[in-house]
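Good morning, and thank you for making time for this presentation.

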Amino acid sequence: MRTYFKPKNKLALLYKMKILVTGGTGYIGSHTVVELFNAGHEVVVIDNFDNSYPEVLENIEKITGKKVDFTNVDIRNKQALTDFLMAQKGIDAVIHFAAFKAVGESVENPLKYYENNVGGTVNLLYAMEAAGIHQIAFSSSCTVYGEANPPVDENTPRPAAQSPYGNTKQICEEVLFDYTKASNLKVVSLRYFNPVGAHDSALIGELPIGIPNNLVPFITQTAIGKREVLTVFGNDYPTPDGTCIRDYIHVVDLAKAHVKAIEFLEMKKYTDAYSVFNLGTGQGSSVLEAIHSFEKVTGVKVNYKIGTRRAGDIAQIYANCDKATNELGWKTERDLDNCMLTSWIWEKHLAGK
Ligand code: NAD
Ligand code: UFG
């Protein structure tokens, strides 16, 4: 039986959905679970803790006051996944985060990435079909655009992927698109730009394992003294200050977009069974601007030096997010300063400070 909400406005969804979140204890997944609860929905989470920890579940409960319905399921295990979904009652939609995401590792071990990211997604589609679930939001990436003239919109051509990881995102988009043609499946593919930041509570955030590859955790780890120096990978790019430009989006804004996207499917607002949305801020920031924003909001200096370019980096990318604004009714609420501030509070929390 449906639980109905008090109407917020005439465009809002009027009832509670039951949503399965794969990879729901990971970085973006955990923030999305919080926002789904905040929006009044019921949430079921699966994860295998490959890149996350059980404590995340307790911390989501501390933030929301809601107990998470969690089961340890590996999406590579098709039978276990199917049995799990078949045993569930009333799931309206799936938000699919579970995947591996380390670009370098994907070059060294491509099969691991194709097995989990592509194989796991195919298993999920079989299991959803068996359980009669026909709506999914998929975690894609702006990496599908490669080197393009920013701002990039959803119609920007997608060149051949630069890494096996990037290729898994392209392939999954194709798999999902093709499957909408042969089934009742409705899909939103969400192309994230650079997710950063952490929850205001500092109870959930990104947990980079080992030496971080990404800029923001490297900034915060250097500032706290875990790393000696941050290397800026190149200042000879054709950008105003010579360093690369990216579109850094706060993970809470990103999480809120997932709520909108899944409600968009439920309210049947789509014109095509397969829809794609860019999720960024529309604002490009250089590496030096990111460092200076961090220093400004925290008052802490970052020890950095200019180094050589990192192989595979593109000079600049940022999003045109008009489609998400117009069709999902979503836009970002937080800026780069807030991204840096919440990342710093999270880093201090991890260090016990
Ligand atoms: P994350 O590693 O923090 O979260 C992924 C979660 O999936 C982890 O909790 C992990 O344990 C789980 N998982 C992995 N394989 C699994 C399996 N076989 N079975 C069950 N659970 C499994 O990553 P994230 O940053 O939260 O990314 C979420 C999604 O967004 C991924 O699909 C990623 O590729 C995509 N994405 C991330 C970024 C980014 O910069 N963080 C950018 C673009 C796209
Ligand atoms: N950078 C440095 N020094 C560092 C780390 C990064 O200068 O120590 C620079 C990079 O050269 C790049 C910028 O900071 O110019 C951002 O780098 P990140 O590694 O944080 O992010 P990327 O844009 O390279 O890639 C990230 C994810 C990919 C994902 C992509 C788009 O790592 O998996 O965003 O979502 F595909």
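**The ligand site**

Among the 28 residues around ligand 1, those that come nearest are Asp47, Asn51, Ser52, Asn116 and Tyr165; a residue counts as near if one of its heavy atoms lies within 4 Å of the molecule. This is a predicted model, in which local features need pLDDT of at least 70 and side-chain atom pairs count only at pLDDT 80 or more, while totals for chains, interfaces and linings use all residues. Residues are numbered from 1 along each chain as its sequence is written, chains are lettered from A and ligands numbered from 1 in the order in which they are written, and side-chain values use heavy atoms, with hydrogens and water left out.

Let me turn to the polar contacts, meaning here pairs of N or O atoms within 3.5 Å. A polar side-chain atom of Asn116 is 2.6 Å from a nitrogen atom of ligand 1. An N or O atom in the side chain of Lys169 lies 2.9 Å from an oxygen atom of the ligand. Taken alone, ligand 1 exposes 820 Å², of which the protein buries 94%, by the Shrake-Rupley method with a 1.4 Å probe.

**A helix pair**

Helix H3 (residues 78-87) and helix H5 (residues 110-131) pack with their axes 9 Å apart, at an angle of about 30°; helices are DSSP runs of H or I, at least four residues long. H3 and H5 are therefore roughly parallel to each other, a term for angles under 35 degrees.

Conventions
Polar contact = N/O pair within 3.5 Å; in protein donor to acceptor, adjacent residues only side chain to side chain. Axes fitted to C-alpha atoms, helices over the stretch in contact; angles between N-to-C directions. Helix = DSSP H or I, 4+ residues; strand = E, 2+ residues; numbered from the N terminus. Parallel < 35°, antiparallel > 145°, perpendicular 65-115°, else oblique.
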